Amino acid sequence: MILNLEEFQAARVRWTAAVEAGRLDEALVLVEEALAWADASGEELLRDRTLCNRAAIALELGCGAAHVPALRTLLVRTSDPENTYLAAYTIARHYELQKDHRKGLFYAQLARDRATALDENRQAASLNYIANFLVAESRFDEAIAVYAEALALLPSRDSLRGAVIGYNLGYCNVLTGRSRDGLGLLYASLRSLLRRGAAVHAMKARLDLAFALLETGRARPAGRHAAQALALAERCADRDAKKNALYLLGAAAVATGDRVGARRHFERLQQGFYPEADYLPELLLHVDVRELVNLKA
């Protein structure tokens, strides 16, 4: 039980670390306790901030959609820059999960507008989200410019935010033929994320790196990174990441001549995600899977 502001702040540090490590159930318990204290204490700004944090964690656990109306209400009710930024940013994440890129881009742009009154880290975070939605719509050159703008705002690329933006930019660079720059960013970001224990982002960086390595004809290391990403995706119960990892594992196996292994991965993909499409494993053995995958969509 949280009894005072000092314990509230300590809980926030713990739930932030838990989120970065992929321990979302633990993080949700901590943030729920903090929200109860903020409600009882009458600390409205802290309550609103914690409300946004709870919604963000719940969204990642697949149970956050019910919290989105409260975030919209918060946007209208308060003028606090940080809380309106967090609300808009979290709603953007909701629409990203819903694959509604048009609405997501709107709220990401709203988060950017609110972030101008805050620090450069939040400005960079909102720009990163805007670029993510541009990538989802295959607007890669526009996204590259926005990612570069976001990185330029950071005092150092060797930070969690810098690593996240770095692997997103690296992915886009590879897709647009800038393979050397892209791979450099991807490897640097992955090292930074592993050093920080940021498991969820490391999983995403490994997926991007696996795709990039396939694009540049390095199938064996691509398969290794995809396998590690799959293990993390299963641990975090991230369905989209698991699906993409299975696509990439199958493609890597095909590229190395291991058609038996490829079929095994494609069968897991079909059974777990497309149970009615029993023709899919055979089809995927004969097409370029990379053309079917946009990891940011």
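Predicted model: local features only at pLDDT ≥ 70, side-chain atom pairs only at ≥ 80, totals over all residues.
Two packed helices are described by the angle between their axes and the distance between the axes.

| Helix pair | Angle between axes | Distance between axes |
|---|---|---|
| Helix 11 (residues 199-215) and helix 13 (residues 239-255) | about 25° | 10 Å |
| Helix 9 (residues 160-175) and helix 11 | roughly 20° | within 10 Å |
| Helix 1 (residues 5-20) and helix 2 (residues 24-41) | roughly 155° | within 8 Å |

**Helix 11 and its two partners**

Helix 11 and helix 13 pack at an angle of about 25°, which makes helix 11 roughly parallel to helix 13, and the crossing of these two helices is left-handed. On the side of helix 11 the contact is formed by Met-203, Leu-207, Ala-210, Phe-211 and Leu-214, while helix 13 contributes Ala-241, Asn-244, Ala-245, Leu-248, Ala-251 and Ala-252. Sorted by class, the residues of this contact are 10 nonpolar and 1 polar, with no charged residue.

Helix 9 and helix 11 cross at roughly 20° and are therefore roughly parallel to each other; this crossing, too, is left-handed. From helix 9 the contact takes in Leu-160, Val-164, Tyr-167, Asn-168, Tyr-171, Val-174 and Leu-175, and from helix 11 it takes in His-201, Lys-204, Ala-205, Asp-208, Phe-211, Ala-212 and Glu-215. Here the division is 9 nonpolar, 2 polar and 3 charged residues.

**The nonpolar cores**

The largest nonpolar core has 92 residues, and those with the most contacts inside it are Tyr-147 and Leu-248. Helix 11 supplies the largest share of this core, namely 12 residues. Leaving aside residues up to four places away in sequence, Leu-248 touches Leu-207, Ala-210, Phe-211, Leu-214, Ala-226 and Leu-295. Apart from this core lies another, of 13 residues, among them Phe-8, Ala-34, Ala-38 and Ile-57.

**Helix 1 and helix 2**

The axes of helix 1 and helix 2 cross at roughly 155°, and the two helices are therefore roughly antiparallel to each other, in a crossing that is left-handed. Helix 1 brings Leu-5, Phe-8, Ala-11, Arg-14, Trp-15, Ala-18 and Val-19 to the contact, and helix 2 brings Leu-24, Glu-26, Ala-27, Leu-30, Val-31, Ala-34, Trp-37 and Ala-38. By class, this contact has 13 nonpolar and 2 charged residues, and no polar ones.

Key: Residues numbered from 1 in each chain as written. Heavy atoms only, no water. Axes fitted to C-alpha atoms, helices over the stretch in contact; angles between N-to-C directions. Helix = DSSP H or I, 4+ residues; strand = E, 2+ residues; numbered from the N terminus. Parallel < 35°, antiparallel > 145°, perpendicular 65-115°, else oblique. Left-handed = near helix turned anticlockwise from the far one by under 90°. Contact = heavy atoms within 4.5 Å. Nonpolar A, V, L, I, M, F, W, Y, C, P; charged D, E, K, R; others polar. Core = buried A, V, L, I, M, F, W, Y, C linked by side-chain atoms within 4.5 Å. Buried < 20%, exposed > 50% of the residue type's maximum accessible area, 1.4 Å probe, protein only.
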